[in-house]
Amino acid sequence: MSLEKKILILAYKFPPYEGVGARRWAKFAKYFAKEGYKVHVITANWGKNVNKSWSADVNHENIIIKQLSSFFDKKYEPNLTGKLFFKAERILAKIFCWTDEAYSSYVWNKSTIVKYIKSEQIKLVVASGGPFSANYFGAIIKKKIPSIKLVQDFRDSWITDYFFDHPSMSPKDRVYKKEVKMEAFSIDNADAVFSVTPGCMERLDQNINSYGLKDVNHILIENGFDEDDRVSFPDDCFPSGFYNKTCVNISHFGTVQFGREKSFYQFILQNKEKLKAEKTHICFHFFGSFHAETKNMIENSELKEMVKFHSFIPPQEVQKFMFFADMHLVLNDEIYYYAYGSKVYDALMHKKPILLLSKEEGLYKLVKDNRLGMVSNNSALQNEQLSDRLIENKTKLKQGVFINVDYNFEKHSVSSITKRMINAFNFVK
């Protein structure tokens with residue numbers, strides 16, 4: 001490839017930003033750097049918290065992070081000035097129809113980004129985020145510098161199920177109309193478009209067809225696990241937070257909100273009598289925020305003996321629970337079940353069986369068809385079958401043999417995915 005081994009990543013959220021939104025390209029940047037690429041990153045001015053989040057992943061001589069300030073950064077100041085700037089941004093956003101939190105940052109820094117690409121002689125740009133900011137401005141930059149190759153990384157299926165998240169809007173709303181046009185513009189001016197799950201890809205294809213766009217180079221680039229995150233522990237490190245070693249400890253890592261709590265509560269409620277009889281043999285553990293009302297309902301019921309909610313545990317300690325868990329529980333969103341998160345890959349990294357509650361689509365099929373665990377589509381029938389299967393196989397689960405060991409887990413590693421991504425860039429001449 002004549003890329004001179006350079007790539008620029010346009011990502012509003014990137015370390016030192018600490019949220020999960022920074023993970024995807026922090027990991028990919030790390031492995032692009034290992035492959036000899038000079039990785040330039042343009043992101044927002046998130047501060048200098050170098051020891052948190054995924055900052056260690058991007059601490060590499062081949063990764064150059066340029067944090068751009070915005071006029072409206074002052075809105076974060078905890079004083080009257082901050083309040084005034086926040087209000088001013090809200091007023092301008094309403095007047096000019098700014099679509100998300102990143103929009104004003106790109107408006108303010110657009111010319112700076114163009115100058116940077118030209119001065120560094122960047123030939124390949126990846127814009128990652130949403131079509132309403134990062135991808136849209138990536139397309140604008142492509143129009144200004146036609147010689148670059150632009151890859152749009154759509155991390156979610158943004159327009160699909162739009163009115164579920166925006167119930168007060170209608171198809172006639174000017175913000176919605178603008179966002180639809182921005183998505184079409186972002187795709188039309190891209191050399192390739194990435195989607196993160198098969199379901200997201202399918203839904204974006206429907207949008208692409210509705211826009212009348214032809215010959216879009218649409219590629220599936222999923223999330224994955226980072227082999228460097230794997231930590232092994234000796235048997236004597238078995239965490240005291242788990243029930244004893246004879247109990248099947250089933251663990252969920254991450255937030256349980258936005259309807260995910262309903263599927264779990266429904267599952268245990270429908271099979272309460274069966275599961276209650278197994279309370280010394282099966283226990284569910286939750287690490288992370290859990291929907292408060294549902295949590296209270298569980299803690300004030302007979303189910304509390306087999307469901308344990310853990311307070312905050314440092315990341316290194318959580319790795320121990322991931323390692324010793326007998327199963328990893330994955331709860332998919334009721335609406336966005338096709339856009340599953342990265343936590344499922346932790347189970348694949350540790351080669352642990354997955355207990356999945358989700359509507360039937362990509363992840364459901366992956367787990368079921370490859371014998372990577374147990375699944376239910378949240379129906380009463382499948383929930384009952386799942387509880388029976390869980391009870392029948394508790395011995396195998398404790399023995400660590402309830403998983404298809406011949407499955408190619410490596411294909412889900414960020415390292416392997418990065419290599420596939422590099423191959424996808426071969427269209428660049």
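Biologist: Which ring does the charged end of R203 sit over?

Modeller: In this predicted model, the charged end of R203 lies over the ring of Y338, at 3.7 Å from the ring's centre.

Biologist: And what about K352, which ring is under its charged end?

Modeller: For K352 the ring is that of F323, with the charged end 6.0 Å from the ring centre.

Biologist: Switching to aromatics, how many aromatic pairs does the structure hold?

Modeller: There are 37 aromatic pairs; one of them joins Y136 and F185 in a tilted arrangement, with 5.5 Å from centre to centre and 55° between the planes.

Biologist: Where in the chain do Y136 and F185 come from?

Modeller: Y136 belongs to helix α4 (residues 134-144) and F185 to helix α6 (residues 174-188), so the pair links distant parts of the chain, 49 residues apart. Y136 is buried, at 18% relative accessible area, whereas F185 is partly exposed, at 26%.

Biologist: Which residues do ring pairs link into a cluster?

Modeller: The cluster is made up of Y12, Y17, W46, F96, W98, Y103, Y106, Y136, F137 and F185.

Biologist: Now cysteines: how many disulfides are there?

Modeller: The count is 0 disulfides. C237 takes part in none, and the nearest cysteine sulfur to it, that of C247, is 20 Å away. C247 is likewise in no disulfide, its nearest cysteine sulfur being that of C283 at 5.4 Å, and a disulfide would need the two sulfurs within 2.5 Å.

Key:
Residues numbered from 1 in each chain as written. Predicted model: local features only at pLDDT ≥ 70, side-chain atom pairs only at ≥ 80, totals over all residues. Heavy atoms only, no water. Phe/Tyr/Trp six-rings, centres within 6.5 Å; stacked < 30°, edge-to-face > 60°. Helix = DSSP H or I, 4+ residues; strand = E, 2+ residues; numbered from the N terminus. Buried < 20%, exposed > 50% of the residue type's maximum accessible area, 1.4 Å probe, protein only. Lys NZ or Arg CZ within 6 Å of the ring centre and 35° of its normal.
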